[in-house]
Amino acid sequence: MPKILVYAEQSGGKPAAIALEILTKARDLGDAEAVTLGAGAESAAAVLGKHGARTVYVNEDGAFDEYVAEPQTDALEALVQKAAPDLLLFGFTPDSREVAGRLAARLDVGLISNAQDVQAVGGGFSAKVPYFGGARVATMQALNSPAVVLLRPKSFEASEAGGESRIEKLEAAVGEGSKRARIADRVQEAGEKVKLEEARIVISGGRGMGGPENFPLLEPLAAALGAAVGASRAVVDAGWVPYAMQVGQTGKTVAPSVYIACGISGAMQHTVGMKSAKVIIAINKDAEAPIMKIADLGVVGDALKIVPKLTEAVKAKKAG
Amino acid sequence: MKILVTVKQVPDPNSQQSLESDNTIVRDREVVLDPGDESGIESALQLKEKQGEGEVVLLSMGPERARDAIRKGLSMGADRAILVSDEALAGADALLTAKALAAAIKQESPDLVICATESYDGSTGMVPPMLAELLGVPQLTFAKHLDVDGGKVTVHRQTEDGHQVVEAQAPVLVTVTAGIAEPRYASLKGIMAARSKEIKLVSAGDLGIQKGNPSEELKEVAQAEARKAGEVVEDDGTSGVEKIVAVLQTAKVI
């Protein structure tokens with residue numbers, strides 16, 4: 001049986017949703033193990049065990065919470081030496097990307113990033129990656145050992161598994177030289193109202209909203225529908241709205257019952273984060289925009305005019 | 001302070017992609033300077049201007065026609081550029097790219113390396129952390145704000161619900177988000193001056209880089225499970241809203 005090691009992000013003793021998704025997949029591929037670091041790791045380990053990790057390696061050194069990427073890389077390097085996994089799995093998230101990149105360079109192995117599936121093939125591993133604007137799927141075979149694959153959020157559904165699991169303290173020396181990029185402060189900005197990933201309805205705005213001053217138009221519609229508000233990378237990059245609202249390859253992946261895209265053209269960067277929605281409604285001035293090719297309903301028109309009218313119509317229906 | 005900015009030429013976001021019969025992406029599209037890199041160049045120029053001294057060096061890897069994209073960065077105000085160009089590096093994966101860039105950067109010993117968080121065309125953002133590791137420097141990433149005070153570099157790193165203030169001593173590698181600075185337009189004077197600025201051509205051999213074995217292999221390209229296009233309607237002032245309400249009712253959300 002190949003040995004699969006999952007790097008599980010956790011916060012305050014709660015594993016990240018993606019860690020449980022990946023573990024659920026990992027246990028189908030071989031003997032699954034997990035590693036989780038920082039304050040709360042031991043509590044997180046119990047949940048990881050329930051999701052199929054036979055061994056969970058933990059280390060609660062404060063350096064993992066205080067410094068970026070390098071202490072985690074040290075710990076993983078030590079663990080790869082010790083546990084000799086055949087496959088290392090990471091989530092395709094900002095924090096895991098940084099650790100995976102450093103680790104791959106240190107181990108001198110390649111990696112397959114942004115994957116949506118991973119398979120055991122002929123004693124090795126291959127991964128499926130969106131290609132050519134998401135219209136195609138490429139299958140990449142990893143040629144290095146260990147193989148390193150980063151998996152997109154929501155690629156698998158997490159479920160608990162039976163079986164025994166044990167927690168092992170990972171004796172990893174974090175080099176003093178790795179305590180360099182220090183997190184001096186954490187600042188909260190305006191928080192989300194309805195959580196994007198959990199919302200039943202998501203309304204997102206893009207460049208077609210015209211400017212940041214028009215973005216609040218989406219709020220009353222969201223309130224009327226009980227929806228969360230998202231955005232395309234273009235408008236996040238332009239500084240109209242905070243990064244927390246970004247839906248797409250490098251933002252959040254959502255799979256709501258209904259997704260309403262307002263003034264979003266539908267670049268792959270965006271669509272890979274929302275194309276699992278059950279129903280997609282697009283409002284766009286351009287009938288040829290790529291979003292129209294994946295929308296169940298495409299309305300060719302000005303989102304700035306349609307959204308307020310839609311808000312009134314929804315309110316009327318709800319009242320009636 | 002010496003600042004090195006990595007830049008890449010990418011297919012023009014406004015042009016259409018197409019595939020060759022063997023499923024590789026057609027390479028003869030219009031290419032432009034990656035829009036994310038323009039933000040990196042802008043933040044480097046602002047740092048130099050604030051400090052009143054220093055040098056901004058651009059580093060790119062790609063075919064010789066990448067010169068046009070580099071020239072744009074020079075016309076914004078960067079001082080000079082290096083282009084790593086070699087047939088042996090065509091189709092390089094992230095690790096080989098990082099190795100070649102790292103070798104070129106080591107010859108320059110900058111105080112600060114600035115990269116975009118991810119490229120426009122690849123969007124996987126794997127090269128910067130690999131590069132930081134190969135250079136042996138810390139990484140300050142997802143920066144939406146960048147400040148240098150003496151040898152201390154501080155960024156505001158974008159997070160889910162706000163930002164972290166992250167700091168490290170130079171030399172460091174910083175990745176910037178496009179929101180960090182609005183790129184300036186090149187002035188006519190800048191465009192004229194860029195013509196005489198140096199773009200030094202470097203080969204893999206100059207850097208002591210060998211192609212080596214690839215770390216992954218493309219096995220197959222298949223059609224993605226496609227969503228079918230549904231109904232597309234022209235809004236006449238009321239029809240759009242009516243259609244949307246009907247779809248919301250069918251989906252049982254109102």
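This is a predicted model: local features need pLDDT of at least 70, side-chain atom pairs count only at pLDDT 80 or more; totals for chains, interfaces and linings use all residues.
Student: What makes strand β13 of chain A and β9(B) a pair?

Tutor: Two strands pair if DSSP finds at least two bridges between them. Strand β13 (residues 182-188) of chain A and β9(B) have six bridges. So they count as paired. The sense is antiparallel.

Student: How many residues does each chain bring to the contact?

Tutor: Chain A brings 77 residues and chain B brings 64. On the side of chain B that touches chain A, β12(B) gives the largest share, eight residues. By class, that side of chain B has 32 nonpolar, 17 polar and 15 charged residues.

Student: Why is strand β6 of chain A called largely enclosed?

Tutor: Five of its five residues, 87-91, are buried, so the rest of the structure largely encloses β6(A). Buried requires 20 or more other C-beta atoms within 10 Å of the residue's own.

Student: Which residues cover the two faces of β6(A)?

Tutor: A:Leu87, A:Leu89 and A:Gly91 lie on one side, A:Leu88 and A:Phe90 on the other. All are buried.

Student: How do you know that β6(A) pairs with strand β1 of chain A?

Tutor: The cut-off is at least two bridges. Three bridges join β1 (residues 3-7) to β6(A), so the strands pair. They run parallel. A:Ile4 stands opposite A:Leu87.

Student: What joins β6(A) to strand β11 of chain A?

Tutor: Five bridges, again in parallel, join β6(A) to β11 (residues 147-151). That meets the cut-off, so this is a pair as well. Here A:Leu89 stands opposite A:Val149.

Conventions: Residues are numbered from 1 along each chain as its sequence is written. Chains are lettered from A and ligands numbered from 1 in the order in which they are written. Two residues are in contact if their C-beta atoms, placed from the backbone, lie within 7 Å. Helices (H or I, at least four residues) and strands (E, at least two) are DSSP runs, numbered from the N terminus. Ala, Val, Leu, Ile, Met, Phe, Trp, Tyr, Cys and Pro count as nonpolar, Asp, Glu, Lys and Arg as charged, and the others, Gly among them, as polar. A residue is buried if 20 or more other C-beta atoms lie within 10 Å of its own, exposed if 12 or fewer, and partly exposed in between; C-beta atoms are placed from the backbone.
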